[in-house]
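The sequence and structure come first.

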Amino acid sequence: MSIYSAPSGVTIVGSYHKEWEKILSYEALRFVASLHRQFDALRLELLERRKKIQKALDNNSLSLNFLSETRLIREGKWEIAALPQNLQERKVEILGTASLDFLKDAVQSGANGIIIDLEDSLSPTWENIIESQISLFDFLRQKNDSHTSYQPLLHVRPRGMHLLEKHVHVDGKPLAASLFDFGLYVFHNAKLLVERQSGPFFYVPKIENFYEAEFWSSLFSFTENALSLPSGSIRATVIIETITAVFEMEEILHSMKNHAWALSVDPRDYVFSVIKKFRRSREALMPDRSEITMDANFLQAYRMLLVKTCRKRRALAIGGVSLLEPSVMYEDAELFEKIKFEKERDIALGMDGCIVNHPKLVPVVRDAFKNVSRKATTDAKVLSESIIVQPEALLNFKIPEAITESGVRNNISLLFMYLSSWLSGHGAVDIFNLKEDISSAEIARSQLWQWVHLEAEMDSEIPLDNELFLCWKTEEKELLKHLPFLDQVDRVIEEVVLTKDFVEFLTLITYEYL
């Protein structure tokens, strides 16, 4: 940090390169430090609240339901703040990391929006994080070389509030990763985006309740005031990816009325949340990961309730990345047809847009919107107002398939392959012909933990215990002995599967190896 001057109380403990100075400027770091001092204590309180809720679920002293204390909010007549008409078109958005190559391809794809993922799709090495900010900075200032004025809306997804950025300390404590990601981006780019009437826009991840929505809304208001931005200029799509948040969607929108824009589904993280929250319950035992599809009752109810909530409160409903997103190198016509069918079903349900993770899938979604008639989508939106989704439907996790040896081995091998790449600096990885990110690894390891600790019976009528898991892990490791960081990954897998206390997030352990 001696290379350049830092604000009082701020220390950079990571490497520093001269070309990073425009991002890690004195003024930007001072702003980020102000966010830490204003909001970190509340962030820690909210994380403690998560622990208390999890403990109550583990002890069967809490049943998830719609909140009685917020009934008047759900029954009241209110809507989120209106948006200009030019921000209502979000049929297809493309998700990826902030490389200039991806940004160029995303613009040329014709997608309505680009989501830059600093969370699940990114291995958060110090270099990756700073280079992402630089790419965003440069992208927003480059000239548009195309022959049209078309420019997709840009959304940024910061890391969740549970994560830390260990390379930046404020007053002797590591900075919250969410505050760092959000703070740097908004400090450098918000005024430019407001001038263009194009942001700043965010996807807010990992919210578990409306108290956390209030946190983000307060953060946005504080930032608008500090940077002299118009009130309500920061708008967010809230990702409903936890089982607790699905019961509080109206309250979440109400808490963010001036900053909310849309709610989005994320089926992968949602499945992980279900397993994590109900990890000690046999009622939440699910079969092989490959057998968990969007046809599952709880996933259907989740999407229906999200559309209904959005329609009621004037928010947009955005369908998430498919559970079966194909890899870049694997263009399987049958798989593309499955994805197209999924998207058509979401659109017919009333979704206003869908997310994909590769440019070649943009026309797939465009075709899906064409194939679902305007009348069908209008009928779906009208029907959504009359639909009543009961708590029992949201909590019906039964899937009539089995746990198999191949399913167990698939989870183990996926963890070896994904975490090896993650520790090598790659957060989105092609595995078994699918595009996988950290959410897939979270499902795999949480399933393994639950199966082992509940000694779940496989289709062979043999329970999966510690001994059998360790045997298969050793065999899968031998098949993948060419991978880098194999021994570190092996230790991580064993820890997160066999430890008595469930590790809340895989990245909390793996981040220490970066």
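Which strands does helix α1 lie across, and at about what angle does it run to β6? Helix α1 (residues 26-58) lies across β1, β5 and β6 and runs at about 90° to β6. The model is predicted: local features need pLDDT of at least 70 and side-chain atom pairs pLDDT 80 or more, while totals for chains, interfaces and linings use all residues. Residues are numbered from 1 along each chain as its sequence is written, and side-chain values use heavy atoms, without hydrogens and water.

Helices (H or I, at least four residues) and strands (E, at least two) are DSSP runs numbered from the N terminus. Contact means heavy atoms within 4.5 Å. Axes are lines fitted to C-alpha atoms, for helices over the stretch in contact, with angles from 0 to 180 degrees between N-to-C directions.

**The sheet**

The sheet is open, with three strands in the order β1-β5-β6 and antiparallel pairing; pairing requires at least two DSSP bridges between two strands. β1 (10-12) and β6 (173-176) each have a single partner strand, so one side of each is left without a neighbour in the sheet. Four bridges join β5 (residues 164-170) to β6, and L164 has A176 in β6 as its bridge partner. Helix α5 (residues 177-195) lies across β5 and β6, at about 60° to β6.

**Charged side chains**

A salt bridge is a side-chain nitrogen of Lys or Arg within 4 Å of a carboxyl oxygen of Asp or Glu. The count by this rule is 47. Three of these pairs are tabulated below.

| Pair | N to O distance |
|---|---|
| D171 and R37 | 2.9 Å |
| E504 and K276 | 3.9 Å |
| R409 and E476 | 2.9 Å |

For burial, buried means under 20% relative accessible area, exposed over 50%, and partly exposed in between (1.4 Å probe, protein chains only). D171 is partly exposed at 46%, and R37 is partly exposed at 46%. E504 is partly exposed at 26%, whereas K276 is buried at 2%. R409 counts as buried at 17%, as does E476 at 10%.

E342, in helix α10 (residues 333-349), is buried yet has no salt bridge; the nearest side chain of opposite charge, R345, is 5.2 Å away. Here Lys and Arg count as positive and Asp and Glu as negative, with His and the chain ends not counted. Leaving out residues up to four places away in sequence, E342 touches M294, S322, L323 and L324.
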